[in-house]
Amino acid sequence: MADVRERAAPFVRLVQRRREPVVVQAFRSATAATIAYVVALRLSPEAAPLTAPLTALLVVQVTLYATLTNGVRRVNSVVAGVLVAIAFSLLVGLTWWSLALLIVASLAVGHLVRVDEYVPEVAISAMLVLGVTAHSDLAWARILETLIGAVVGLAINLLLPPPVWVEEAGESIEGLARRVRQLMLRLGEQAAGRTAVEEAAARLHEARRLDHDIVQVDASLRQAEDSLRLNPRVREGLLHRVVLRTGLDTLEICTVVLRVLARTLTDLAKEREPHPLFEPETGEVVERLLSEIADAVVSFAVLVTTHVSLNADAAESRLTAELRQAAATRDKLAQLLLDRLQHDARQWQLHGAVLTEVNRIIDELDTEHRSRRLLEELDRVSGEQSARMPRLSRLRERLGIQEDLWRNRTGLGGPFR
């Protein structure tokens, strides 16, 4: 019985993962490529029309928006390459020097027609066509197969809508918040005890490495933003994009301030070596304050990525309580630092910098600040869309799809907090 379960385990995991975006995308890509090949076998004069499935595979990207843009660019690249090859075949034919000129001209034309990542495809198409005797037949066959692959890829996206990558982006944002929290906790332990300069410098390098994490989260968020554009299974995609983007912007500001805080503590360790960074009572308060702020950072990330109103209410209440407690601890720290200043003014600039930096993080996480920033960004993006597409904006207004309906929710409910 145990052997049967072990053999069936891979299939069970596959069934459990059938709804994951990666699995869905693999199924959609394979389906599009196969259908494109079957259609091309009937319509193309070539015996093995592999250009059609290749085009379909490239066109069916992870998002519908990327599929549309990639399909148009790929078709343009193939047509441009074929036209360049026809011109060369009529003028000079195929020689070593004409091949070199063909590649240079094809790449130049690719940049001229703005096909972006498909610039090499222009040269590839041109070389394939130029290298065959029946130039005209191969040219039209390649264009036909490219069109078949592009049409099939677009059709698959309409019949099998691409996955929405919002959940993955949310997990990336929460993961970044938890890494920030761990670093804050270590900085708090450092402030409460006797810390060597080398250890403080190590925390500073760790804070600087958060920039790489932000780049990765930003890439995940861009993918999620594209998956919301033109996706038939998503409503109010603009609002979702603005919520996630402004949330990541806030976390990015917090990581920048955290890096400055780590630098301040490193400088303080150099100034006070071999003594502790703070007096025992002050160090305990700093540790408690950073721990409270660290918890608030995670709560903020959970709030940003929560799409159910009830869960969002609970997340906002938890964040508000944590920020209120952190503000009280900050005030206590400010009083302790003020008392120390009256007796010992050494390192008062660094102590004041610590207080300023933790206060900045608290302000960035504040729910009222978050709501104002969200509304400002929503107004800005909506204004830009209205300017680019005035007719579509008027149509949305006639249908009653307006962002004001969302703003009237209590506290910008759900994911719009």
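Buried means under 20% relative accessible area. Keep that cut-off at hand for this tour of a predicted model.

**Stop 1: Arg330 and Asp331**

Select Arg330. At 17% relative accessibility, Arg330 counts as buried, because the limit is 20%. Asp331 is partly exposed, at 45% relative accessibility.

**Stop 2: Arg360 and Glu364**

Move to helix H13, residues 348-365. Show the side chains of Glu364 and Arg360. They meet in a salt bridge, 3.2 Å from N to O. The two residues are 4 apart in helix H13, which means they are separated by about one helical turn. Which of the pair is buried? Glu364 is, with a relative accessible area of 7%. Arg360 is partly exposed, at 42%. Next, select Arg186, Arg203 and Glu206. Salt bridges that share partners join these three into one network.

**Stop 3: Arg181 and Asp295**

The structure holds 10 salt bridges. One of them joins the side chains of Arg181 and Asp295, at 2.9 Å from N to O. This pair links distant parts of the chain: Arg181 sits in helix H8 and Asp295 in helix H11, 114 residues apart. Color both helices to see the link. Arg181 is partly exposed, with a relative accessible area of 25%. Asp295 also counts as partly exposed, at 26%.

**Stop 4: the largest nonpolar core**

The largest nonpolar core has 64 residues. Start with the residues that have the most contacts inside this core: Met184, Leu251, Leu258, Phe278, Ile293, Val297 and Leu365. Then color the helices. H8, H9 (197-228), H10 (237-272), H11, H12 (309-343), H13 (348-365) and H14 (367-388) each supply at least two residues of this core. Which helix gives the most? H11 does, with 14 residues. As a general point, nonpolar side chains tend to be buried together in soluble globular proteins.

**Stop 5: Leu187**

Select Leu187 in helix H8. Is Leu187 buried or exposed? At 0% relative accessibility, Leu187 counts as buried. The C-alpha atoms of Leu187 and Ala262 are separated by 7.3 Å, although the residues are 75 apart along the chain.

**Stop 6: the negative patch**

Switch to a surface view. Select Glu189, Glu199, Glu281, Glu284, Glu287 and Asp339. These residues gather in a patch of negative charge on the surface. Which helix gives the most to the negative patch? Helix H11 (residues 280-304) does, with 3 residues. Glu189 has its place in helix H8, residues 166-192. Glu189 is exposed, with a relative accessible area of 52%.

**Stop 7: the nonpolar patch**

Keep the surface on. Select Leu90, Leu91, Val92, Trp96, Trp97 and Leu101. Together they make a nonpolar surface patch of about 760 Å². Helix H4 (64-91) and helix H5 (96-112) are the elements that give two or more residues to the patch. H5 gives the most, with 3 residues. Leu101 has its place in helix H5. This leucine counts as partly exposed, at 45% relative accessibility.

**Stop 8: Arg114**

Follow the chain onward from H5. Arg114 lies in the loop between H5 and helix H6 (119-130). Check the backbone here. Arg114 has a positive phi of about 60 degrees, although it is not a glycine. For background, most residues other than glycine have a negative phi. Arg114 is exposed, with a relative accessible area of 69%.

**Stop 9: Leu43 and Ile148**

Finish at helix H2, residues 21-43, where Leu43 has its place. Leu43 counts as exposed, at 52% relative accessibility. Leu43 and Ile148 are 105 residues apart along the chain, and their C-alpha atoms are separated by 9.1 Å.

Terms used:
Residues are numbered from 1 along each chain as its sequence is written. This is a predicted model: local features need pLDDT of at least 70, side-chain atom pairs count only at pLDDT 80 or more; totals for chains, interfaces and linings use all residues. Side-chain values use heavy atoms; hydrogens and water are left out. Patches are made of residues with over 30% relative accessible area and no salt bridge: like charges are joined within 9 Å, nonpolar side chains (Val, Leu, Ile, Met, Phe, Trp, Tyr) within 5 Å. Accessible areas come from the Shrake-Rupley method with a 1.4 Å probe; for residues, only the protein chains shown count as cover. A salt bridge is a side-chain nitrogen of Lys or Arg within 4 Å of a carboxyl oxygen of Asp or Glu. Lys and Arg count as positive and Asp and Glu as negative; His and the chain ends are not counted. The place of a charge is taken as NZ of Lys, CZ of Arg, CG of Asp or CD of Glu. Buried means under 20% relative accessible area, exposed over 50%, partly exposed in between (1.4 Å probe, protein chains only). A nonpolar core is a set of buried Ala, Val, Leu, Ile, Met, Phe, Trp, Tyr and Cys residues joined through side-chain atoms within 4.5 Å.
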